[in-house]
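Let's take a friendly walk through a protein model, one piece at a time. Keep the structure open beside you as you read.

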Amino acid sequence: MLSSETRHAVLLPPCVLSPGLQAERKPGIHWGYPFVELLMEHGANPVFLPCPESSFGGYDKGLQRGKHGIDYYKGTEGYEGYCVRLAEQWAEMILDMQTGGFDFICILGVEHSPTCAVSYMYSHKGMLKRAGMFYEALLRELNGRGMKVPWIGINRTHPQKALKALEMRLSGRD
């Protein structure tokens with residue numbers, strides 16, 4: 001359990017708790033619930049980041065989107081700028097929250113997402129080692145403000161490695 005004197009928090013994409021925001025929804029037990037349960041067990045606050053893919057151009061269109069890769073989003077007029085603007089806004093909010101007493105333990109991302117990947121994503125050219133568009137902009141904005149927060153990428157098919165990494169961070173054993 002984390003110290004009760006500090007407000008500990010983990011930043012995460014909303015699809016961890018809300019599978020309906022994903023472009024590709026798979027039936028059955030949702031992969032993200034164990035992450036939220038782990039945060040609750042340790043007394044950490046989940047702080048949900050925005051979903052640029054769902055909100056770009058309005059939720060009515062975004063929630064109906066198909067599964068697309070990085071090339072699609074890089075070629076979508078205005079999307080990269082939208083990610084940058086969201087990253088700027090959120091970096092300011094995160095910094096304000098930190099000044100207000102929050103201790104950010106880490107940021108969770110979803111690997112293979114063209115927007116929220118931490119380290120890996122699919123493209124029509126194969127696997128790329130890079131962050132998603134929004135997370136890349138958010139990392140740049142946080143670093144530019146002198147804030148260093150560890151990142152953990154979740155592989156939705158095999159989330160155990162990320163769960164273990166989060167457990168280590170929450171337990172202070174990393």
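## A helix and its neighbours

The buried residues of helix 1 pack against strand 1 (7–12), strand 2 (45–48), strand 3 (102–110), strand 6 (151–154) and helix 7 (160–171), where contact means heavy atoms within 4.5 Å. Helices (H or I, at least four residues) and strands (E, at least two) are DSSP runs, numbered from the N terminus. This is a predicted model, in which local features need pLDDT of at least 70, side-chain atom pairs count only at pLDDT 80 or more, and totals for chains, interfaces and linings use all residues. Residues are numbered from 1 along each chain as its sequence is written, and side-chain values use heavy atoms, with hydrogens and water left out.

Which residues of helix 1 are buried? Within residues 33–41, they are Phe35, Val36, Leu38 and Leu39; buried means under 20% relative accessible area, with a 1.4 Å probe and protein chains only. They lie on the same side of helix 1 because they cover an arc of only 155° around the axis, taken from the directions from the helix axis to the C-beta atoms. Just after this helix, Gly43 has a positive phi of about 75°.

## A look at Tyr82

Tyr82 sits in helix 5 (residues 79–99). Leaving out residues up to four places away in sequence, Tyr82 touches Pro52, Ser55 and Phe56. The table lists two distances for Tyr82.

| Pair | What is given | Distance |
|---|---|---|
| Tyr82 and Ser55 | side-chain polar contact | 2.6 Å |
| Tyr82 and Val149 | C-alpha separation | 22 Å |

A polar contact is a pair of N or O atoms within 3.5 Å; within protein, one must be able to donate a hydrogen and the other to accept it, and residues adjacent in sequence count only if both atoms are side-chain atoms.

Conventions: Buried < 20%, exposed > 50% of the residue type's maximum accessible area, 1.4 Å probe, protein only.
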